Amino acid sequence: MMSMQMSEADSVVKVAEWQQTYYASDSGIQSGATTVRDDESSTEYSGRKKYTGCTTPSAPATATVGGGEDSAAGGVESPTDFDAQYSLTRAQRVRAAMFPETLVEGEAAMPVQSDPTQQSNVQRLAEPSQLLKTAIVHLINYQDDAELATRAVPELTKLLGDEDPIVVNKAAMIVNQLTRKEASRRVLVQSPAVVAAVVRAMTTAVDMETARCAASVLHSLSHQREGLLAIFKSGGIPALVRMLSSPVESVLFYAITTLHNLLLHQEGAKMAVRLADGLQRMVPLLKKSNPKFLAITTDCLQLLSYGNQESKLIILANGGPEGLVFIMRNYNYEKLLWTTSRVLKVLSVCPSNKPAIVEAGGMQALGQHLTGSSQRLIQNCLWTLRNLSDAATKQEGLDGLLQILVTQLGSDDVNMLTCATGILSNLTCNNSRNKTLVTQYGGVEALIHAVLRAGEKEDVAEPAVCALRHLTSRHQDAELAQNAVRLHYGIPAVVKLLGQPHYWPVVKATVGLIRNLALCPANQAPLREAGAIPRLVNLLLKAHQDTQRHASSAQQTYQDGVRMEEIVEGCTGALHILARDPINRGEIASMQTIPLFVQLLYSYVENVKRVSAGVLCELALDKQSAELIDAEGASAPLMELLHSNNEGIATYAAAVLFRISEDKSSDYRKRVSVELTHSLFKHDPAAWEMAHTAVPLEPSYLADELDGSYPAYGYADLPLDTLPLDPDLHETYIPDMTYDPRQAYPEPL
């Protein structure tokens, strides 16, 4: 009995102690958070289970609590004080984690870990708790905003149509404020009536503040597809176009940005802008000075002019080329330069805009950006220069551009090579100064290396060979260029281009280059050793057969856009120059070519007659060949050619006749002399003497062919989603491009 009373007394003391240390500040459930169950084996609760206190090891020892176990041995400090301290601060720590804004300034939760690098469980939950709390707050606010806007929209729609401008102004400001929040903005885009009211308010506004608020509303709505559609359907495009004439900068920004979003994402917007005379309003805006505004404006011009010839002509009529070139020359904002170069690239395929861009200094302005770090800008400038170059053959002041282009021939980028070679080909066409400059800049060697790297890429090989053909004729350093091709081991590479399979534009250019190279005596043997003569003869036979096959149809024969008559003329002309060398002359005659050359004297193409008479003139220097020429019946056509109005044809014909008549009877020679007397030579003693002494007339250089026959490298006929060089045509504008006028022009709250 006594023992039972003592036991009950002890229990009362323990409960009181527990209440004092735990219950006073925490619930029993929370207290359980500081204990863990030491589960040895069984899943059932039993007397063998014990709960150990999980206090931070800041005390020298921990004690085991409950479960009938004895307390720690004497001399070890009790954990009661530590447990009490942590329990008292637990609520504070949870509050600090979830609601830090409720803490008194300077107050901090008590740390519970000895290692500051490790987070406690409460700290780990702090960030997710904050996110959850924020999300809940946003949901509450979102619902509130949506409900507020839903209730306000009908009344605001009515107020926006009020006759009192002050009322309209206040209503526009309120709607503008509603667009700042997503929930209310979504309500607005789903209310066509309020969008239409905003458009009317902007159109009829008598004060700039109302117009600015209304434009700001449309700008905010244009960032959602539903908003774009609502603006489009409510007639917002003509209203926005009118705003492009506003003297208020912020209104201009709102209008052009909203129109830009419509052009990018709203079907039918382009035509609507064109019909509203949007281009006539946009082009004058190129005189503004804000780079980001100009970037958006130029991108609008590109979107409107792409694939639309009428738009290109409107831009031209409003001075667009001059404004665009000015931007390229005077600004360094990369995105602006890129968007401007894209407009110029579109305009550069327009025959009317092309000379205007060149005259405005477009070649020089584009050229100054070829050495920058922006690859997309460089590529756009190169394509634009490539398109413009056939209209700039007489342009002066391109020395720096030519030097840069020669440097870029060392690029491994196929597109860059294609552009650089094409531009050089056009700029060296019939321009002796440019030919000399490119030769002095090392252009011959660079072009040969480009040909070697091009391999089967005709887009590089053709313009590169054309440029070499131009550099090797008709300028003061032409002979230097002819020698440079040989010295840089270019002759084998050039002759190889005549091999199968034939891509006729490359073949045509190569034949002309070989002819020019043969003008240099030092090149005659290397050309022969590279196999130029048999390849030229084979090409001549093939081309002549094609022309004969289609002769009855009276239509010229084209392959890859090249007339076979041009190949006949080119090959015969090259063989003519090669025949100046005695060894080459014998090789040409040995390939049974004389009957073909005689047949070509009957050609309806005057240049073919000239070159065939010229090659026969050279071959006739060998007695055996002269006899073969006579045996093929060449005298009759040659007699006819004596009366040709072409001095070169007549002179060559006379020289051949003299050479084949040397072993003839005196009567035959007398008849030839009579024919010559009655020909044009009776009026030209010098030509008579030249023919009589059998000195061949120096063949005139073939005029350089303008390289404008290349396909224009614009994209007028390509669908928008297959542009070869603009994978980022619809590039999402990064934040620095999406200019928000509110940043520069804060609105009253």
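Let me start with a term: a residue is buried under 20% relative accessible area, exposed over 50%, and partly exposed in between. D560 has a relative accessible area of 45%, so D560 is partly exposed.

What you see is a predicted model. I'll stay with D560 for a moment. This aspartate sits in the loop between β4, residues 558-559, and β5, residues 562-563.

Is D459 in a helix or in a loop? D459 is in helix α25, which covers residues 458-471. D459 has 44% relative accessibility, and therefore counts as partly exposed.

Y489 is not a glycine either, and its phi is near 60 degrees. The residue lies in a loop again, this one between α26 (478-487) and α27 (491-496). Is Y489 buried or exposed? Its relative accessibility is 68%, so Y489 counts as exposed.

Now the whole chain. Its secondary structure comes to 40 helices and five strands. There are 749 residues, and 50% of them count as buried. The chain exposes about 35800 Å², with carbon and sulfur atoms supplying 54% of that area. On contacts: taking those between residues at least 6 apart in sequence, 72% join residues at least 24 apart.

How values were computed: Residues are numbered from 1 along each chain as its sequence is written. This is a predicted model: local features need pLDDT of at least 70, side-chain atom pairs count only at pLDDT 80 or more; totals for chains, interfaces and linings use all residues. Side-chain values use heavy atoms; hydrogens and water are left out. Helices (H or I, at least four residues) and strands (E, at least two) are DSSP runs, numbered from the N terminus. Buried means under 20% relative accessible area, exposed over 50%, partly exposed in between (1.4 Å probe, protein chains only). Contact means heavy atoms within 4.5 Å. Accessible areas come from the Shrake-Rupley method with a 1.4 Å probe; for residues, only the protein chains shown count as cover.
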